[in-house]
Every structure is written in C-alpha cells, then in structure tokens.
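Try each one before you read the solution.

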Amino acid sequence: MVKQYIGKMKGEPANRPPPSISDALWSWVGAFLGIAGVGWISAQSIEAHALLMVGSFGATSVLLYAAPESPLAQPRNVLLGNVLSALCGVIAWQFIGDNWIAAAVAVSTAILIMQLTHSLHPPGGATALIAVIGSDELHQLGWGYAFFPVGTGCLLMLLIAIVVNNLARHRRYPVHWL
C-alpha cells in the first residue's frame, strides 16, 4: 500500500508539443489589452489608480488568453468565481478582521463556494485573500469590492478575451457560457 502511494508521486514523462509562436503572440496581445484596459479604466475612474488592478487579474489573464479552452477560463467561472470569492473575502474581513485566520477562512470558503456553484476559477482564491490582506482603500470599498473592481475588471477582460481569442483562426472562446 505504501509502495503504491509513493508510486503515484513518480509521475510520467511529459509529452509536450513544440510551442506555437503564433499562439503565444495571441496570448500576449490578449493579456496586454486586458490588463491595459483594466488599468486605463482604473486611471479614469478612481483616485487610487492601482485599486482596480487586483493582483489575481494576472492569473485570470493567463487562463483567459493563454488557455482559453480550459474549463477554468470560461465566462461563468471567471465572473462568478471571482465575484463570489471577493464576497467571501469581504465577509471574512468584516467578521474576523485582518489576520491569518480571516485569510484562511476567506480562501477555503471561496474554494468551497466555487466548487458548490460549479464556478471554480483558481485566481478566485487570490481575490478572496486580497479582500482580507488588502489596503485601507480596498477595505473602505466593503461589499463594493466584489463589483468594482472585481466584477467590472472581469467583465472587461472577458470582453477582450472574446474579441482577441476569436480573431485567431485556430481559437474559439468561449467554449461554453454556462
């Protein structure tokens, strides 16, 4: 039994095709436009220019623009997963405070909620964590954090993902909406 358990950790050789320069360039264009769009809206909308730039959007960009076929990158997962996770983080911060217990509650509850709602999006864990460990400006947003910047930023990145990914002949996004 122990040998079988240890054997699971051995893994298997990776079988990777050569990287596609074209695919990588489309990913770069999408990520650039997505993050630039979020940054531009942030600069136009609020005084704290970096506030809309939620750290988890970097990971969301990897999924949307470099792995658009992934179930974790589909619109429902991106939007619902991030917004629900943000709400979990805000609740944890409001009831428990700015500490490691609140951080653990926020992330673990966000994972639970995303799994139960079929909206698993790994960057959502970071979105929940940011709600707890974020700046005073972020904490002042309260419930609004889930909708602006998180919901608004996700919607913008999704729109850009739909446009950019479908410009490439070999890409299709989204694979499914719900």
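Helices here are DSSP runs of H or I, at least four residues long, numbered from the N terminus. Keep in mind that this is a predicted model.

**Exercise 1.** Find the helix that holds isoleucine 101, and decide whether the residue is buried, partly exposed or exposed.

Solution. Start with the location: isoleucine 101 sits in helix H5. Next, take its relative accessible area, which is 36%. Buried would need under 20% and exposed over 50%, so isoleucine 101 comes out as partly exposed.

**Exercise 2.** Do likewise for valine 105.

Solution. Valine 105 is also a residue of helix H5. Its relative accessibility is 31%, so valine 105 counts as partly exposed.

**Exercise 3.** Which residues form the nonpolar patch on the surface, and which elements give two or more residues to it?

Solution. List the members: Ile91, Phe95, Ile96, Trp100, Ile101, Val105 and Trp143. Together they have about 740 Å² of accessible area. Now sort by element: helix H4 (75-96) and helix H5 (100-116) are the ones that give two or more residues.

**Exercise 4.** How do helix H3 and helix H6 pack, and which residues meet?

Solution. Take H3 as residues 56-66 and H6 as residues 123-133. Their axes lie 8 Å apart, at an angle of about 170 degrees. Angles over 145 degrees count as roughly antiparallel, so that is how H3 runs relative to H6. For the contacts, look at Ser56, Ala59, Thr60 and Leu63 on the H3 side, which meet Pro123, Ala126, Thr127 and Ile130 from H6.

**Exercise 5.** How many residues apart in sequence are isoleucine 101 and alanine 146, and how far apart in space?

Solution. Count along the chain to get 45 residues, then go C-alpha to C-alpha to get 21 Å.

Terms used
Residues are numbered from 1 along each chain as its sequence is written. This is a predicted model: local features need pLDDT of at least 70, side-chain atom pairs count only at pLDDT 80 or more; totals for chains, interfaces and linings use all residues. Side-chain values use heavy atoms; hydrogens and water are left out. Patches are made of residues with over 30% relative accessible area and no salt bridge: like charges are joined within 9 Å, nonpolar side chains (Val, Leu, Ile, Met, Phe, Trp, Tyr) within 5 Å. Accessible areas come from the Shrake-Rupley method with a 1.4 Å probe; for residues, only the protein chains shown count as cover. A salt bridge is a side-chain nitrogen of Lys or Arg within 4 Å of a carboxyl oxygen of Asp or Glu. Buried means under 20% relative accessible area, exposed over 50%, partly exposed in between (1.4 Å probe, protein chains only). Axes are lines fitted to C-alpha atoms, for helices over the stretch in contact, and angles run from 0 to 180 degrees between N-to-C directions. Angles under 35 degrees count as roughly parallel, over 145 as roughly antiparallel, 65 to 115 as roughly perpendicular and the rest as oblique. Contact means heavy atoms within 4.5 Å.
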